[in-house]
Amino acid sequence: MKQLIACLLGLLLAPAWSFDLRDGDVAIYRHALAPGGGDPSALRLGDCSTQRNLSDAGREQARRLGEMLRQRLGELQIAEVWASPWCRALDTARLAFPGMTVREQPAFGSFFQHPEREAQMLGAARQLLVGWRGPGVLVVVTHQVTITGLSSVFPASGEGIAMRWSHGDGKVLGRLPAPAH
C-alpha cells in the first residue's frame, strides 16, 4: 500500500511536461538503477550472470517509469518498445511495459567500453529512429552513452529524453524525469 501511495504521489507531484508527444515521436530511456559502472570484462550478451543488472530499487524504478509514461501519454499509445540487448535494458523495458513485446535492437547496445564502435552504433541507431513514423510513440531503453551521443543530454538512471526525428536529425523535445527511488 505504501508503494502504491508513493507512486500516486509521484505522479501527482511530477513536474508537468512543457511539450506534447505525438504520433511518431520517440521516448528514449536510460535503463533503471544498476549498481556500478561499465560491464565486467567477461560480459556475454544473453547471459545475465555476466552483466551488471538491475538492483531491487532499479526493478521498482522500472515499473514506475512505465506507469508514469502511460499516465502522461493519456490517449496516445506506446506502439513499440525497443531495447539494447544488455540484460539491464531488456529488464527495464519488460518491467516498465508488461504485456508488450520488447524488440532487441543491437544498435542501442552500449559502446562504453568500446568507444571505437561509437560512430557505427550511433549511425545505425539514428537510421532506425529516422525510419520510425508511428502511429503512436516508440519507446527505446538503452544506455547513457547512446542517449548522450544521440541527444547531447546526460540522463540519470531511469530518465528519458523525448525526441522527434525528421530529415536525419533528432530534436530534443524535453526530459522525462526518472521516478524517485
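Guide: With a definition. A crossing of helices is right-handed if the near helix is turned clockwise from the far one by less than a right angle, and left-handed if it is turned anticlockwise. Helix 4 passes helix 5 in the right-handed sense. Keep in mind that this is a predicted model.

Visitor: What makes helix 4 roughly perpendicular to helix 5?
Guide: The angle does. Helix 4 (residues 118–131) and helix 5 (residues 144–151) pack at about 70 degrees, and their axes lie 10 Å apart. Angles from 65 to 115 degrees count as roughly perpendicular. Helix 4 is therefore roughly perpendicular to helix 5.

Visitor: Which residues in helix 4 and helix 5 meet?
Guide: Helix 4 brings Leu122, Ala125, Arg126 and Leu129. Helix 5 brings Thr146, Gly149 and Leu150. By class, this contact of helix 4 with helix 5 has four nonpolar, two polar and one charged residues. Gly counts as polar under this scheme.

Visitor: What makes helix 2 oblique to helix 3?
Guide: Their axes come within 7 Å and cross at roughly 50 degrees. Roughly parallel needs an angle under 35, and roughly perpendicular starts at 65. That angle therefore makes helix 2 oblique to helix 3. The crossing of helix 2 and helix 3 is right-handed.

Visitor: Which residues in helix 2 meet helix 3?
Guide: Arg59, Ala62, Arg63, Leu65, Gly66 and Arg70. Their partners in helix 3 are Thr92, Leu95 and Ala96. The residues of this contact of helix 2 with helix 3 divide into four nonpolar, two polar and three charged.

Visitor: Why is helix 3 called mostly covered?
Guide: Buried means under 20% relative accessible area. In helix 3 (residues 87–96), seven of the ten residues are buried. They are Cys87, Arg88, Ala89, Leu90, Thr92, Ala93 and Ala96.

Visitor: What covers the buried residues of helix 3?
Guide: The cover includes helix 2 (56–73), strand 2 (78–83), strand 3 (102–104) and strand 4 (137–142).

Visitor: Why is helix 5 called mostly covered?
Guide: Six of the eight residues of helix 5 are buried. These are Gln144, Val145, Thr146, Ile147, Leu150 and Ser151. They pack against strand 1 (26–30), helix 4, strand 4, strand 5 (160–166) and strand 6 (169–176).

Visitor: How do you know whether Ser152 is buried or exposed?
Guide: Exposed means over 50% relative accessible area. Ser152 has 69%, so Ser152 is exposed. Ser152 sits in the loop between helix 5 and strand 5.

Visitor: What is the phi of Ser152, which is not a glycine?
Guide: Ser152 has a positive phi of about 65 degrees. Most residues other than glycine have a negative phi.

Visitor: Which residues does a cis peptide bond join?
Guide: Gly134 and Pro135, with omega about 5 degrees. Pro135 lies in the loop between helix 4 and strand 4. Most peptide bonds are trans.

Visitor: How do you know that His31 counts as buried?
Guide: The cut-off is under 20% relative accessible area. His31 is at 2%, so His31 counts as buried. His31 is placed in the loop between strand 1 and helix 2.

Visitor: Which residues is His31 in contact with, leaving aside its neighbours within four places in sequence?
Guide: Among them are Arg52, Arg88, Ala89, Thr92, Val141, His143 and Ser157. His31 and Thr92 are 61 residues apart in sequence, yet 5.7 Å apart in space, C-alpha to C-alpha.

Visitor: Why does Leu76 count as buried?
Guide: The figure for Leu76 is 19%, and the label needs a value under 20%, so Leu76 counts as buried. Leu76 lies in the loop between helix 2 and strand 2. Leaving aside neighbours within four places in sequence, Leu76 is in contact with Leu21, Arg22, Asp23, Gly136 and Val137.

Visitor: How many helices and strands does the chain have?
Guide: Five helices and six strands. Along the sequence they follow the pattern α-β-α-β-α-β-α-β-α-β-β. Buried residues make up 49% of the 181 residues in the chain.

Definitions and conventions: Residues numbered from 1 in each chain as written. Predicted model: local features only at pLDDT ≥ 70, side-chain atom pairs only at ≥ 80, totals over all residues. Heavy atoms only, no water. Helix = DSSP H or I, 4+ residues; strand = E, 2+ residues; numbered from the N terminus. Buried < 20%, exposed > 50% of the residue type's maximum accessible area, 1.4 Å probe, protein only. Axes fitted to C-alpha atoms, helices over the stretch in contact; angles between N-to-C directions. Parallel < 35°, antiparallel > 145°, perpendicular 65-115°, else oblique. Contact = heavy atoms within 4.5 Å.
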